[in-house]
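Here's a quick briefing to keep beside the viewer. Have the sequence open too, and follow the points in order.

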Amino acid sequence: MRFGTLDDLVRAAPTGLGVTDWETISQHDVDAFGRSTRALEWIHLDGRKAVEGPFAGPVAHGFLTLALATHFQTQLLELPPVFFGVNYGVRSARFPSPVPVGSRVRATGTLLEAEPAPSGCRILVELRYERAGAAKPPCVAEVITLVVPTDPTPEATSP
Amino acid sequence: MTTKATNAINGLDDLRRRVGAEIGVSGWVKVDQGTIDDFARVTGDHQWIHVDVERCRRESPFGGTIAHGYLILSLGPTLSYEVAQLEGVSMGINYGLDRLRLTSPLRAGSRLRLRVGLAAADDKGDGTVLARWRWTFETEDLERPVAVAEMLSKIYP
């Protein structure tokens, strides 16, 4: 969904944002994520050993699934021109089911809240993930983003 | 990783006894631009404030590139194993988190460490225990934390 102005964004909440494209989470992605975050457990990286593990194969890191939130939110919500989003935090995130390596995931977004904040606004977006072929979502997260001007004017930044 | 686990938590009874206590603090880990670039590739988040060194030098309010908030968070599990390992249980899984706040930017090249406390350990009624850990990410040149979160792990006896 596209928002032309900050007011449009604030007035629109709460509203559905639609659904993202599917993303395949490959072993290559999981390996790269493990290297960059030093999370090298066999349950994620060692396919041979993981076959004997609780999920009968390697699974993605929960935080890899969560970290796709930024990419997904960018697909679902186009901020007004001259504004950009800064990740402020996560109100809650749960991982109700695993993401086996090779799965496809996507997310349905809902803009839950949009409140004016100094020089911009603060938005709360729910992302409800879905895994192709699975009934339970692999992740449900409520993500907080600060929407701030790309080129702050002196007026906009004064307290 | 610079240090070994300073603490072992011996089973669920020991875990319950430590509710309300600080468990410990990890060694330092450096978060460099290469790590940030790798994280951008795998998560699809190529926003310029993380990866465009030249533009950040000119335009970023933070004075340089900064780590993704989710990269900081994702370093948490490994740093927490370094602080304390839970022994005498079959496994713990990442159940989720509450109240993650990215309170200060982490500049590329900075060092990061994790302080761990235990806020709660609640019996779920099915034999498992839900532990609520207090995570505080700190960097060297800043008094206030870079990030805080309540991390939830589900522990199978």
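**A serine at the chain contact**

At 2% relative accessibility, Ser74(B) counts as buried (buried is under 20% relative accessible area, exposed is over 50%, and partly exposed is in between, using a 1.4 Å probe and protein chains only). Keep in mind that this is a predicted model, where local features need pLDDT of at least 70, side-chain atom pairs count only at pLDDT 80 or more, and totals for chains, interfaces and linings use all residues. Residues are numbered from 1 along each chain as its sequence is written, chains are lettered from A and ligands numbered from 1 in the order in which they are written, and side-chain values use heavy atoms, with hydrogens and water left out.

**More on Ser74(B)**

- Ser74(B) sits in helix H5 of chain B, residues 69–74 (helices are DSSP runs of H or I with at least four residues, strands are runs of E with at least two, and both are numbered from the N terminus).
- Setting aside neighbours within four places in sequence, Ser74(B) is in contact with Phe33(A), Thr37(A), Phe63(A) and Phe39(B) (contact means heavy atoms within 4.5 Å).

**Where the chains meet**

- On the chain A side 30 residues are in contact with 33 residues of chain B.
- About 2,800 Å² is buried between the two chains, and carbon and sulfur atoms give 60% of that (buried area is the accessible area, with a 1.4 Å probe, that two parts lose on being put together, summed over both).
- The rule finds 10 residue pairs in polar contact across the interface, both residues being at pLDDT 80 or more (a polar contact is a pair of N or O atoms within 3.5 Å; within protein, one must be able to donate a hydrogen and the other to accept it, and residues adjacent in sequence count only if both atoms are side-chain atoms).
- Helix H2 (27–37), helix H5 (62–67), helix H6 (69–76), strand S3 (83–94) and strand S6 (140–149) of chain A each supply at least two residues of the side that touches chain B.
- The largest share of that side, 10 residues, comes from S3(A).
- By class, the chain A side has 17 nonpolar, 8 polar and 5 charged residues (Ala, Val, Leu, Ile, Met, Phe, Trp, Tyr, Cys and Pro count as nonpolar, Asp, Glu, Lys and Arg as charged, and the others, Gly among them, as polar).

**Strands to trace**

- S3(A) pairs with strand S5 of chain B (residues 91–102) in the antiparallel sense, over 5 bridges (two strands pair if DSSP finds at least two bridges between them).
- In that pairing, Ala93(A) stands opposite Leu97(B) in S5(B).
- Within chain A, S3(A) and S6(A) run antiparallel and are joined by 10 bridges, with Val90(A) opposite Val143(A).
- S6(A) is also joined to strand S5 of chain A (residues 120–131), antiparallel, by 8 bridges, and there Leu124(A) has Ile144(A) as its bridge partner.
- Of the 10 residues of S6(A), 9 are buried, so this strand is largely enclosed by the rest of the structure.

**Salt bridges**

- The structure holds 22 salt bridges over all chains (a salt bridge is a side-chain nitrogen of Lys or Arg within 4 Å of a carboxyl oxygen of Asp or Glu).
- The rule finds 1 salt bridge across the interface of chain A and chain B.
- Arg94(A) forms a salt bridge with Asp98(B), their closest N and O atoms being 3.2 Å apart.
- Arg94(A) and Asp98(B) are linked with Arg99(B), Arg132(B) and Glu150(B) in a network of salt bridges.
- Glu130(A) forms a salt bridge with Arg106(A), the closest N and O atoms being 3.0 Å apart.
- That pair links distant parts of the chain, with Glu130(A) in strand S5 and Arg106(A) in strand S4 (residues 104–117) of chain A, 24 residues apart.
- Glu59(B) and Arg55(B) meet in a salt bridge at 3.2 Å, N to O; being 4 residues apart in helix H4 of chain B (residues 53–59), they are separated by about one helical turn.

**A buried histidine**

- His50(B) is in helix H3 of chain B, residues 48–51, and is buried at a relative accessible area of 6%.
- The side chain of His50(B) reaches the backbone oxygen of Ile66(B) at 2.9 Å.
- Not counting residues up to four places away in sequence, His50(B) touches several residues, including Gln33(B), Asp45(B) and His68(B).
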